[in-house]
Amino acid sequence: MPAETSQTLDRGLLVLETLAGSAGGLTVTELAARLEVNRTVVYRLVATLEQHTLVRRDARGRLHVGLGVLHLASAVQPVLRDLAGPVLRRLAETVGCTAHLTVAEGAEALAVAVVEPSWTDFHVGYRVGTRHPLAQGAAGRAVLLARRGRAGAAYSVTEGELQTGARGLAAPVRDVDGLEASVGIVTLGTLDERLVSQAVIAAADEVAALLSGREG
């Protein structure tokens, strides 16, 4: 027997999902048409979401996702760090490079978890909160790989794009609903691409399993 669900909550979430995918915003009429719901219902949903700053109106009266969503999103980052931390630790210690989990946030890549190896003489100091364009650096490029599907390369490799002399390798975290992310490493030393890529891909797959509840 299927579990009972809330139609109102479901519609409210659909409002947020629809607005998130509409860069220029939508009018109430356009939103109602997209959802195939009466405008009166949409007015009520929008009014409630506005009270919680999850929806905002621009000067033209068009609806957009509100800043309240950022507060919800920021609360997710500690969860990602907790789940991915042990995987990144094993990766960093195995390959002797700084390991990181990076997520897509708009057109940027954001590092949300970083683990440095404990036994190397030197390593790259990569910080949580570091941002860079998705098209620049291995971590962001790996996210773009996932957007293209499973065809083509399984990982991305870059050199000197974010820091002179630094080499990066990253693999996408695939098949986690609502999340675009990658697991990667960065180093100033030589990089055995064959061995490191295997370890990074395995770590990305493990993080994906943890986040989607497929572990075990």
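Into which domains is the protein chain divided? I found domain 1 (7-65) and domain 2 (73-212); the bounds come from an automatic or database domain assignment. I then looked up how far apart they sit, and their centres, taken over C-alpha atoms, are separated by 34 Å.

**Ground rules.** I am working with a predicted model, where local features need pLDDT of at least 70 and side-chain atom pairs count only at pLDDT 80 or more, while totals for chains, interfaces and linings use all residues. Residues are numbered from 1 along each chain as its sequence is written, and side-chain values use heavy atoms, with hydrogens and water left out.

**Overview.** I listed six helices and eight strands in the protein chain. Helices here are DSSP runs of H or I with at least four residues, strands are runs of E with at least two, and both are numbered from the N terminus. Read from that end, the order is α-α-α-β-β-α-β-β-β-α-β-β-β-α. The C-alpha atoms fill a box of roughly 65 × 45 × 30 Å along the principal axes. I noted that 41% of the 216 residues count as buried. Buried means under 20% relative accessible area, exposed means over 50%, and partly exposed is in between, using a 1.4 Å probe and protein chains only. I also checked contacts (heavy atoms within 4.5 Å). Among those with a separation of 6 or more, 51% join residues 24 or more positions apart.

**The cores.** My next stop was the largest nonpolar core, which has 28 residues. Such a core is a set of buried Ala, Val, Leu, Ile, Met, Phe, Trp, Tyr and Cys residues joined through side-chain atoms within 4.5 Å. Leu88, Leu91, Leu101, Val173, Val183 and Ile185 have the most contacts inside this largest core. At least two of its residues come from each of α4 (68-95), β3 (98-105), β4 (108-115), β7 (167-173), β8 (181-187) and α6 (193-212). Helix α4 gives the largest share, seven residues. There is also a second, separate core of 16 residues, including Leu16, Val28, Leu35 and Val55.

Leaving out residues up to four places away in sequence, leucine 91 touches Gly96, Ala99, Val183, Gly184, Ile185, Ala199, Val200 and Ala203.

**Helix α4.** I compared its span with the expected one. Its 28 residues reach 39 Å from first C-alpha to last, close to the 40 Å expected at 1.5 Å a residue; that expectation is 1.5 Å times one less than the number of residues. Where does the kink in α4 lie? I found it at alanine 84, about 45°, shortly before proline 86. The bend at a residue is the angle between axes fitted to the seven residues ending there and the seven starting there. Alanine 84 is also one of the buried residues of α4, with Leu80, Leu88 and Leu91 among the others. The cover over these buried residues includes β3, β4, β8 and α6. Just after the helix, glycine 96 takes a positive phi of about 70°.

**Strand β3.** Six of the eight residues of β3 are buried, so the strand is largely enclosed by the rest of the structure. I traced its partners next; two strands pair if DSSP finds at least two bridges between them. β3 pairs with β8 in the antiparallel sense over six bridges, and threonine 98 has valine 186 as its bridge partner there. β3 and β4 also run antiparallel, joined by seven bridges, with glutamate 105 opposite glutamate 108. Their hairpin has two residues between the strands, and glycine 106 in it has a positive phi near 65°.

**Leucine 211.** I found this residue in helix α6. Why is leucine 211 counted as partly exposed? Because its relative accessibility is 21%. Beyond its neighbours within four places, leucine 211 contacts Leu80, Leu83, Val176 and Leu179. Valine 173 is 38 residues from leucine 211 in sequence, and their C-alpha atoms are 9.5 Å apart in space.

Glutamate 36 has a phi near 55°; it lies in the loop between α2 (28-35) and α3 (39-51) and is exposed at 73% relative accessible area. Threonine 53 also has a phi near 55°; it lies in the loop between α3 and β1 (55-57) and is partly exposed at 43%.
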